[in-house]
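This report considers the confidence of a model and the surroundings of two of its residues. Please consult the sequence and the structure shown below.

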Amino acid sequence: MEAPRPGWAVRMIIVMVITAIFFRCVTATNHSVGGSSGWDLNSNILAWSATTTFQVGDYLVFKYLPVHDVLEVNRTDFFNCRTVNPISTHSDGETVIRLSQLGSRYFICGRPQHCLMGLKLRVQVLQRLTDANNSTHGGANQEERLRPRHPPRSPPSPPSSPPIERPPMPDLPVAPSPCICSEVGEMMMKNGSMNWYFVLLLIMLTSIP
C-alpha cells in the first residue's frame with residue numbers, strides 16, 4: 001500500500017482549518033443596526049435593539065448617509081450625549097464592528113443634536129448559547145466528579161414482633177430401638193477416633209503376609 005504523499009496531507013490540513021473558520025463565521029450574526037432604514041433619525045433604534053439579541057462573536061453593521069457618523073463612547077458620555085474624546089470614530093458610511101467580549105457597548109451619532117434626537121445605541125453582549133451550554137455541562141460534570149459518592153442507605157427494618165410463646169409439649173415415652181450393633185461396635189462409637197485408630201492398626205497387621 002502506497003503511503004500518503006506529504007502534499008496530500010498538507011491539503012487536508014488546510015481544508016480542515018478553512019472548514020473550522022467557516023463554521024465559526026456561520027454561527028455569528030450580522031446585525032444591521034436600525035433594520036431596513038439603517039443608522040438614521042427615522043429609525044427607532046431603541047425599539048430595534050430591544051427586540052435583538054447580541055452575542056459574543058456577532059457583528060454590528062452601521063449603514064448611514066454622510067450626514068451621520070458613528071462614535072463609540074463610554075457609559076457616561078452615552079447618557080449625556082457627549083461627543084468629546086470618544087473611544088473610536090467612524091464615518092465611512094458602512095461601519096462593521098465585531099462584538100468580541102461580554103458586557104455593554106455604547107454608540108452615538110456625533111453630529112449636533114442627533115444623539116439627543118435618539119440616534120444612539122446601547123448593546124448588551126451576551127455569551128453565545130453554544131458556549132454557555134458547553135460550560136454548563138462541563139461544570140455539571142466536574143461537580144459530579146467532585147461530589148462524594150455515598151453508598152445507598154438501606155431502608156429501616158420494621159420493628160420485630162414479640163416472640164409467640166408456645167405451650168410446652170408433654171413428654172412422650174420413647175420406644176427403645178432394637179440394638180443392631182455389637183458390643184465392639186458400640187464401644188467404638190462411644191470412644192471416637194481413638195477406636196478407629198486401633199481398627200486401622202488391626203487391619204494393617206492382619207494384611208501383612
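How many contacts beyond four places in sequence does the model have for residues 172–194? The model, which is predicted, has 5 such contacts for residues 172–194, and pLDDT stays under 50 over this stretch.

## Confidence of the model

The chain has a mean pLDDT of 74, with 49% of its residues reaching 70 or more.

Where pLDDT is low, predicted coordinates should not be read in detail.

## Ser-49

Ser-49 lies in helix α2, which covers residues 45–50. Ser-49 counts as buried because its relative accessibility is 15%, and buried means under 20%. Its side chain reaches the backbone oxygen of Leu-46 at 2.9 Å.

When neighbours within four places in sequence are left aside, Ser-49 is in contact with Phe-54, Leu-121 and Arg-122.

## Arg-122

Arg-122 belongs to strand β8 (residues 120–126). With a relative accessibility of 41%, Arg-122 counts as partly exposed.

Beyond its neighbours within four places in sequence, Arg-122 is in contact with Ser-49, Phe-78, Phe-79, Ser-104, Arg-105 and Tyr-106. Phe-107 is 15 residues from Arg-122 in sequence, and the two are 6.4 Å apart in space, C-alpha to C-alpha.

Conventions:
Residues are numbered from 1 along each chain as its sequence is written. This is a predicted model: local features need pLDDT of at least 70, side-chain atom pairs count only at pLDDT 80 or more; totals for chains, interfaces and linings use all residues. Side-chain values use heavy atoms; hydrogens and water are left out. Helices (H or I, at least four residues) and strands (E, at least two) are DSSP runs, numbered from the N terminus. Buried means under 20% relative accessible area, exposed over 50%, partly exposed in between (1.4 Å probe, protein chains only). A polar contact is a pair of N or O atoms within 3.5 Å; within protein, one must be able to donate a hydrogen and the other to accept it, and residues adjacent in sequence count only if both atoms are side-chain atoms. Contact means heavy atoms within 4.5 Å. pLDDT is the predictor's confidence in each residue, from 0 to 100.
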